[in-house]
Every structure is written in C-alpha cells, then in structure tokens.
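Q: Hi! Could you walk me through this one while I have it open?

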Amino acid sequence: GVRMALGARPLDVTRMIVIRGLRLALLGLAAGLGLALVLGRLLETLLYGVRPAAPAVYAATAAALLLIALLACVVPAQRAARVDPVVALRNE
C-alpha cells in the first residue's frame, strides 16, 4: 500500500512480491538439490542394487515445489496490489 501511495502500479507491486518469493524458493531449491545429491552419494553405500540419483524424480519434485512457491507468492501479491493506498498509509 505504501509503495502504491508513492506511485507504484499494482502490476509493479505484484511483480516485486512474486520475484522476491521465487528468488527465495530457487535459493532453497538449489540448497536442497545440493544436499540431496551429497546425501544420495553418502547413502549409496547403504542401498543394494538401487541407484540414488534419479533425475526424473529430482526434476518432478523441483517443478512441483516451484509451482507451489509460485502459488504461495501470487495470492498474497494480488491481495497486496488491491490495497487502497489511503488505508495503508492510515494504518502505518
């Protein structure tokens, strides 16, 4: 609301919130992928006849997590874009 009061358009506010949220999700996804690969190699000694590296599973999981993160960012972003700037400034 404050950004909109200073001249930002609703699209700018929505884009800012979604980009920040997805950036954080991608950072977490990269860290999780790195840990999964390292721990997969570590657990490979405990698995008999099974390969821990499954690129299709990693890709599907990453896609699902990114979709969920996108939905988790878009809904609050749209709500923030609909805030009346006068009401936001009054509450601040």
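Predicted model: local features only at pLDDT ≥ 70, side-chain atom pairs only at ≥ 80, totals over all residues.

Q: What is T14 in contact with, leaving aside its neighbours within four places in sequence?
A: With those set aside, T14 is in contact with A77 and A81.

Q: Okay, on to the helices. How do α2 and α3 cross?
A: Helix α3 spans residues 55–81, and its axis comes within 8 Å of the α2 axis, crossing at roughly 155°. Because angles over 145 degrees count as roughly antiparallel, α2 is roughly antiparallel to α3.

Q: What's the handedness of the crossing of α2 and α3?
A: That crossing is right-handed.

Q: What classes of residue make up the contact of α2 with α3?
A: There are 22 nonpolar residues and two polar ones, with no charged residues.

Q: Zooming out, how many helices and strands are there in the protein?
A: The protein has four helices and zero strands, and along the sequence the pattern reads α-α-α-α.

Q: What about the radius of gyration?
A: The protein has 20 Å, whereas a compact globule of 92 residues would be near 12 Å. The C-alpha atoms fill a box of roughly 65 × 20 × 15 Å along the principal axes.

Q: How much of the protein counts as buried?
A: Of the 92 residues, 13% count as buried.

Technical notes. Residues numbered from 1 in each chain as written. Heavy atoms only, no water. Contact = heavy atoms within 4.5 Å. Axes fitted to C-alpha atoms, helices over the stretch in contact; angles between N-to-C directions. Helix = DSSP H or I, 4+ residues; strand = E, 2+ residues; numbered from the N terminus. Parallel < 35°, antiparallel > 145°, perpendicular 65-115°, else oblique. Left-handed = near helix turned anticlockwise from the far one by under 90°. Nonpolar A, V, L, I, M, F, W, Y, C, P; charged D, E, K, R; others polar. Rg over C-alpha atoms; globule rule 2.2 N^0.38 Å. Buried < 20%, exposed > 50% of the residue type's maximum accessible area, 1.4 Å probe, protein only.
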